[in-house]
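Thanks for coming. I have one structure to go through today, so please look at the screen while I talk.

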Amino acid sequence: MAESILTKQAIARSLKELSLVKGFDKISIGEISQNCNINRQTFYYHFQDKYALLKWIYMNELLIPNMSELNFDNWSEKLLNAMQIMVLDKAFYTNTIRHAGEYITQYLMENTKFLFVKAIDALDQRSTISEDERDFFAKFFSYGLCGMVVEWVHGGMVIDPYVMTEYMEKLLSSCETAAYKYKTGALNPSAQN
């Protein structure tokens, strides 16, 4: 088991090294294998293709460390940590989002949507939101979060991750206030008459 993880890590390092000099879409499995001194069969034993390898890297570097023990009190800290990881390995994340962006964005949205569904369920303890509404709201926030992160990467990660996180905190606070006002009828002028 430990040997399998070490081999996967070596393959991941190989892809990261190659991504410093070549676009993800131009990197072949043969190059990844040769760069880490394994044969192609060994690569295929661990990963179906280079996209499965890419998912594995994103999952193990960004999602698992920052989704475990995620809650309402620490979500901004987890987001900040994920963005800082991306800044530290800027070339890799920029390359893969530029050259496999649609694939990565879809993958990230699926994972974040799941988190938003859980958050909505936790907040909606009286089950006042229908399943369709919950799905819509979760997708909306997932698209927003992932879209902003992808745009941040495309823009060269110029905005400091602390600033991005502060913006997200302010947005969430505004959304919470608006949701409360909506539920109490404070946003509906006819309800106040």
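This is a predicted model: local features need pLDDT of at least 70, side-chain atom pairs count only at pLDDT 80 or more; totals for chains, interfaces and linings use all residues.

Residues are numbered from 1 along each chain as its sequence is written, and side-chain values use heavy atoms, with hydrogens and water left out.

First, the core. By nonpolar core I mean a set of buried Ala, Val, Leu, Ile, Met, Phe, Trp, Tyr and Cys residues joined through side-chain atoms within 4.5 Å. Buried stands for under 20% relative accessible area, exposed for over 50%, and partly exposed for what lies in between, with a 1.4 Å probe and protein chains only. The largest nonpolar core has 39 residues, and among those touching the most other members are Leu15, Ile32, Tyr58, Met86 and Trp152. Several helices give two or more residues to this core, including helix 1 (2-18), helix 4 (50-67), helix 5 (75-88), helix 6 (90-123), helix 7 (131-154) and helix 8 (161-184). Helix 6 supplies the largest share, eight residues. Helices here are DSSP runs (H or I, at least four residues), numbered from the N terminus.

Which residues does Met86 touch, not counting residues up to four places away in sequence? They are Leu62, Tyr93, Ile97, Val149, Trp152, Val153 and Met157. Contact means heavy atoms within 4.5 Å. Leu62 is in helix 4 and is buried, at 6% relative accessibility. Leaving aside neighbours within four places in sequence, Leu62 is in contact with Ile57, Ala82, Ile85, Met86 and Tyr93.

Next, the salt bridges. The rule is a side-chain nitrogen of Lys or Arg within 4 Å of a carboxyl oxygen of Asp or Glu, and the count comes to six. Lys16 and Glu61 form one of them, at 2.7 Å from N to O. Lys16 lies in helix 1 and Glu61 in helix 4, so this pair ties together parts that are 45 residues apart in sequence. Lys16 counts as buried at 15% relative accessibility, whereas Glu61 is partly exposed at 26%. Lys16 also meets Asp89 in a salt bridge, at 2.4 Å from N to O. Asp89 sits in the loop between helix 5 and helix 6, 73 residues from Lys16.
Arg134 pairs with Asp121, the closest N and O atoms being 3.2 Å apart. That pair joins helix 7, where Arg134 lies, to helix 6, where Asp121 lies. Arg134 is partly exposed at 23%. Through shared partners, salt bridges join Lys16, Glu61 and Asp89 into one network.

Now the single residues. Asn37 and Met157 are not glycines, yet Asn37 has a positive phi of about 60° and Met157 one of about 55°. Asn37 is in the loop between helix 2 and helix 3 (40-46), and Met157 is in the loop between helix 7 and helix 8. Are they buried or exposed? Asn37 is exposed, with a relative accessible area of 72%, and Met157 is buried, at 8%.

Last, the cysteines. Cys36 is buried at 16% relative accessibility, and Cys146 is buried at 5%. With a disulfide taken as a pair of cysteine sulfur atoms within 2.5 Å, a search of the whole structure finds zero.
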